[in-house]
Amino acid sequence: MSILIFGGTVEGRTLAEHLRDHGIPVTVCVATEYGASMMQEDDRLHVITGRQTPETMLSIMERTGAAVVADATHPYSQNVTENILAALQRHPVPYIRVERELEIAEDSRQNGHFFDTIKEAVDYLNTTEGKVLITTGSKELESYTGIRDFETRCVLRALPAEDVVRNCVEHGFSPENLILMQGPFSLEMNIATIRQTNCRYLMTRNSGAAGGFPEKAAAAEATGAELIIIGKPKERILPPGGTRMNLREAMEYLSTC
């Protein structure tokens with residue numbers, strides 16, 4: 001049996017390595033070269049790099065002979081899931097959505113400021129003063145340029161990849177305000193980053209424990225920074241016969257079925 005996994009997330013990597021170690025052939029599709037570098041290929045684990053369309057996903061499903069498709073994409077990558085489902089309409093195989101647990105602690109609910117969209121958060125920040133630590137990645141830089149004095153006011157933490165640096169500079173972000181590191185980060189690292197950059201706001205998504213959200217929330221509370229939480233993931237629509245599982249359930253199911 002061959003398994004096809006979409007997602008360079010923690011869940012995607014962990015699931016792929018688990019299956020490989022149990023002797024099950026697995027192919028993992030990741031969006032970037034950086035994501036690919038996080039996994040070690042061998043005769044049982046193959047990595048395909050690049051952003052896929054429904055057509056290329058279909059080709060990969062047919063070429064790999066996938067018996068099951070596991071969607072372990074990021075909770076906020078709704079468009080990737082839509083492409084997977086479009087491909088499955090033409091090549092039906094069992095589908096598993098690997099769900100990340102995204103419970104928010106009560107203290108974060110009380111102390112955090114929730115906004116449905118980045119634009120709403122930007123509008124709010126334009127009524128305030130002080131530096132902003134942005135930890136939602138580099139995909140939505142255009143939206144952040146709407147923050148007043150973003151060139152000097154915004155500190156962006158993102159993955160250490162060449163295309164990320166290029167994208168940041170092209171959008172006008174100051175190189176001295178870029179922190180390029182692989183997360184998730186510890187509580188101590190988040191506290192040190194907030195204090196070192198003198199940020200009064202920490203912008204994040206609810207990325208769950210796997211994405212380091214609890215450590216961000218705790219660091220904001222410890223430093224007195226205001227926690228800005230953007231949106232919540234949309235619930236994935238499953239294809240006929242599709243199943244939702246957490247990572248542990250997916251590991252157990254796929255290694256024994």
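User: Is C29 buried or exposed?

Analyst: The model is predicted. Burial is read from relative accessibility, with under 20% as the cut-off. C29 counts as buried because its relative accessibility is 5%.

User: How many disulfides are there?

Analyst: A disulfide is a covalent bond between the sulfur atoms of two cysteines. The working criterion is a pair of cysteine sulfur atoms within 2.5 Å. By that rule this model has zero disulfides. C154 shows how the test is applied: its nearest cysteine sulfur belongs to C199 and is 8.5 Å away, and C154 is in no disulfide. C154 is also buried, because its relative accessibility is 1%.

User: What is the strand order of the open sheet, and what is the pairing?

Analyst: The six strands run in the order β6-β11-β10-β7-β8-β9, with parallel pairing. β6 (113–115) and β9 (178–180) are at the edges; each has a single partner strand, so one side of each has no neighbour in the sheet. On average, neighbouring strands are turned by 20° against each other, direction ignored.

User: How many bridges join β10 to β11?

Analyst: Five bridges join β10 (residues 199–205) to β11 (residues 226–230), and the two run parallel.

User: Where is A161?

Analyst: A161 is in the loop between β8 (154–158) and α9 (162–170). A161 counts as buried because its relative accessibility is 15%. A161 and Y34 are 127 residues apart in sequence, while their C-alpha atoms are 6.6 Å apart in space.

Conventions:
Residues numbered from 1 in each chain as written. Predicted model: local features only at pLDDT ≥ 70, side-chain atom pairs only at ≥ 80, totals over all residues. Heavy atoms only, no water. Helix = DSSP H or I, 4+ residues; strand = E, 2+ residues; numbered from the N terminus. Buried < 20%, exposed > 50% of the residue type's maximum accessible area, 1.4 Å probe, protein only. Pairing = 2+ DSSP bridges. Axes fitted to C-alpha atoms, helices over the stretch in contact; angles between N-to-C directions.
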